[in-house]
Amino acid sequence: MTEFKHEVILCIINSGFSDAVMDAAREFGAGGGTVINARGTAAPEAEKLFNITIQPEKEIVMIVVKKEIKDDVLRALYKKVGLETPGQGIAFSLPVTDVAGIKD
């Protein structure tokens, strides 16, 4: 079985909050990220359930991190740009099988 050394964190936030995402991630050792402009969709029931307004313009920040710092970065993102903040972000991670171009 392959031992994964890196994870990619994807953080989906309201447009304009990508700098806040990177600030939070860098506090725990992330080097950089890639911002993708996106458009969100949600059922009206989701807005009522979570008592939030869904902003259609989104940004997705992709950050490749070492596995050891992933949990710290995710916690920082939750605190700084999570659903309870104006960024209304969600973040999750996926294992990365191979990486090229990152200095350890």
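In this predicted model, a polar atom of the E59 side chain lies 3.1 Å from the backbone nitrogen of S18. E59 belongs to strand β3, which spans residues 57–66. E59 is buried but has no salt bridge, and K58, the nearest side chain of opposite charge, is 10 Å away. Beyond its neighbours within four places in sequence, E59 is in contact with C11, I12, I13, N14, S15, G16, F17, S18, V35, I36 and N37.

S18 is also one of the buried residues of helix α1 (residues 18–26), together with A20, V21, M22, A24 and A25. The cover over the buried residues of α1 includes β1 (6–14), β2 (34–39), β3 and α3 (70–81).

F17 sits in the loop between β1 and α1.

L94 lies in strand β4 (residues 90–96). With L83, I90 and F92, L94 forms a nonpolar surface patch whose accessible area is about 320 Å² together.

| Residue | Relative accessibility | Class |
|---|---|---|
| F17 | 26% | partly exposed |
| L94 | 41% | partly exposed |

Both values fall in the partly exposed class because that class runs between the buried limit, under 20%, and the exposed limit, over 50%.

How values were computed
Residues are numbered from 1 along each chain as its sequence is written. This is a predicted model: local features need pLDDT of at least 70, side-chain atom pairs count only at pLDDT 80 or more; totals for chains, interfaces and linings use all residues. Side-chain values use heavy atoms; hydrogens and water are left out. Helices (H or I, at least four residues) and strands (E, at least two) are DSSP runs, numbered from the N terminus. Buried means under 20% relative accessible area, exposed over 50%, partly exposed in between (1.4 Å probe, protein chains only). Lys and Arg count as positive and Asp and Glu as negative; His and the chain ends are not counted. A salt bridge is a side-chain nitrogen of Lys or Arg within 4 Å of a carboxyl oxygen of Asp or Glu. A polar contact is a pair of N or O atoms within 3.5 Å; within protein, one must be able to donate a hydrogen and the other to accept it, and residues adjacent in sequence count only if both atoms are side-chain atoms. Contact means heavy atoms within 4.5 Å. Patches are made of residues with over 30% relative accessible area and no salt bridge: like charges are joined within 9 Å, nonpolar side chains (Val, Leu, Ile, Met, Phe, Trp, Tyr) within 5 Å. Accessible areas come from the Shrake-Rupley method with a 1.4 Å probe; for residues, only the protein chains shown count as cover.
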